[in-house]
Amino acid sequence: MPDQLLKDMEAVKQIPVVTMMLDVICQTTGMGFAAVARVTQDRWLACSVRDEVQFGLEEGGELKIETTICNEIRDSRKPVIIDNVSEAPLYKNHHTPKMYGLQSYISFPIILKNGEFFGTLCAIDSKPAQVNNSKVIGMFTMFAELLAFHLQSLDLLERSYKTNMELGNQNRVLASANFELDNFVYTASHDLKSPVSNIEGLLDELSETIAKGQIDRIEVNQIVQLMKSSVKRFNTTISDLTAIVELEKASLSKDPEEIDFFDVVEAAKMDLHKLIVESNAKIKVVSADRLLVGLSKKNLKSVIQNLLSNAIKYRSPDRKLEVTVRMEEVEGRTHLTVEDNGLGIPSDKQDKVFTMFKRFHDHVEGSGLGLYIVKRIVDAVKGQIQVRSTLDRGTSFLIIF
């Protein structure tokens with residue numbers, strides 16, 4: 001049984017007056033069987049039943065739609081009322097009364113307030129009954145409208161609940177985003193102040209040196225180099241902050257694209273060519289498959305480039321840097337690993353590596369945003385990222401998506 005029909009049957013069962021309605025119908029008409037039926041183009045389902053004549057149809061039972069008069073009521077949306085089939089010109093030769101041995105029949109359409117046809121409220125018996133009168137017709141009309149009202153109300157309650165749940169989720173996401181934005185602004189402004197303050201101090205020092213009259217070129221050159229270093233750090237931070245803003249604005253909900261893993265790694269290596277040459281790094285790429293799906297080409301390149309850059313920055317001076325970039329499929333998910341033999345990360349600080357502006361080795365230049373960007377990309381596709389590291393032995397980042 002389709003899920004929607006089950007939901008419709010459960011909706012009828014949630015209406016407390018249905019059982020009473022069917023009891024009143026049987027008592028008022030003298031008929032032995034009454035039911036609320038869900039009627040679609042190809043299904044007839046008993047949602048609630050009162051059977052005093054052992055008709056044999058229980059709640060959840062079905063009749064072939066083409067064998068029922070409800071099939072015709074669905075199209076006409078008009079009630080059918082028969083006191084005595086043998087005396088009814090339109091129905092005395094009808095296949096439904098003959099098939100089920102009916103002599104009396106009454107069925108009213110249940111039409112929801114939005115105009116949708118739900119099903120029927122019906123009663124049958126194997127003997128004639130006096131149902132074509134204002135009392136019975138009025139009762140069926142009222143009961144059918146009451147059923148439509150309850151069903152519509154339940155639908156509205158369900159939609160309201162879903163809407164409230166969605167709003168609640170959106171509010172939680174918004175609250176988290178606001179908290180993260182506040183943290184972003186605070187930490188960004190704090191980190192940007194440092195190079196700006198350095199430049200201001202160096203400018204004051206340069207001004208004093210020039211004011212002396214006798215310019216010491218060596219001293220001036222040292223100050224200029226320090227200023228260049230501060231400006232470089234400032235530019236790096238601005239560049240990484242811009243990357244985060246672009247990441248937030250990018251649509252990460254696009255359909256996944258099929259990309260060539262080796263091509264993306266090569267593109268990332270090309271952007272880091274100078275650093276790779278200067279560090280004499282050996283980068284090994286291992287994958288049984290070339291193609292993967294799950295990240296956009298731009299974001300995968302950003303992830304690999306940031307992790308390679310991180311490995312180069314935190315390489316050990318005691319050995320040649322070796323980095324392995326590995327992709328493999330494990331239990332239907334892609335595992336991307338970037339492993340190096342660098343300085344490593346202290347165990348008590350590994351849980352902070354993805355925090356904005358965090359740097360654990362002071363001798364390395366950088367904004368401290370690279371791993372934060374990687375984490376945001378992985379989170380956006382509901383992936384996982386793990387870090388394993390041993391001091392003076394190296395670090396491994398595992399991304400699962």
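C70 is buried in this predicted model, with a relative accessible area of 2%. C122 is likewise counted as buried, at 5% relative accessibility. Neither cysteine takes part in a disulfide, as stated for C70 and for C122.

**Cysteines**

- A disulfide is a covalent bond between the sulfur atoms of two cysteines.
- A search of the whole structure returns 0 disulfides.
- For C70, the nearest cysteine sulfur belongs to C122 and lies 4.8 Å away.
- For C122, in turn, the nearest cysteine sulfur is that of C70, at 4.8 Å.

**Arrangement of helices α9 and α10**

- Helix α9 spans residues 297–313, and helix α10 spans residues 370–380.
- The axes of the two helices come within 9 Å and cross at roughly 150°.
- Angles over 145 degrees count as roughly antiparallel, and α9 and α10 are therefore roughly antiparallel to each other.
- The crossing of α9 and α10 is left-handed.

**Residues in the contact between α9 and α10**

- From α9, the residues N299, S302, V303, N306, L307 and N310 take part in the contact.
- Their partners in α10 are G370, L371, I373, V374 and I377.
- By type, the residues of this contact between α9 and α10 comprise 6 nonpolar and 5 polar, with no charged residue.

How values were computed. Residues are numbered from 1 along each chain as its sequence is written. This is a predicted model: local features need pLDDT of at least 70, side-chain atom pairs count only at pLDDT 80 or more; totals for chains, interfaces and linings use all residues. Side-chain values use heavy atoms; hydrogens and water are left out. Axes are lines fitted to C-alpha atoms, for helices over the stretch in contact, and angles run from 0 to 180 degrees between N-to-C directions. Helices (H or I, at least four residues) and strands (E, at least two) are DSSP runs, numbered from the N terminus. Angles under 35 degrees count as roughly parallel, over 145 as roughly antiparallel, 65 to 115 as roughly perpendicular and the rest as oblique. A crossing is left-handed if the near helix is turned anticlockwise from the far one by less than a right angle, and right-handed if clockwise. Contact means heavy atoms within 4.5 Å. Ala, Val, Leu, Ile, Met, Phe, Trp, Tyr, Cys and Pro count as nonpolar, Asp, Glu, Lys and Arg as charged, and the others, Gly among them, as polar. A disulfide is a pair of cysteine sulfur atoms within 2.5 Å. Buried means under 20% relative accessible area, exposed over 50%, partly exposed in between (1.4 Å probe, protein chains only).
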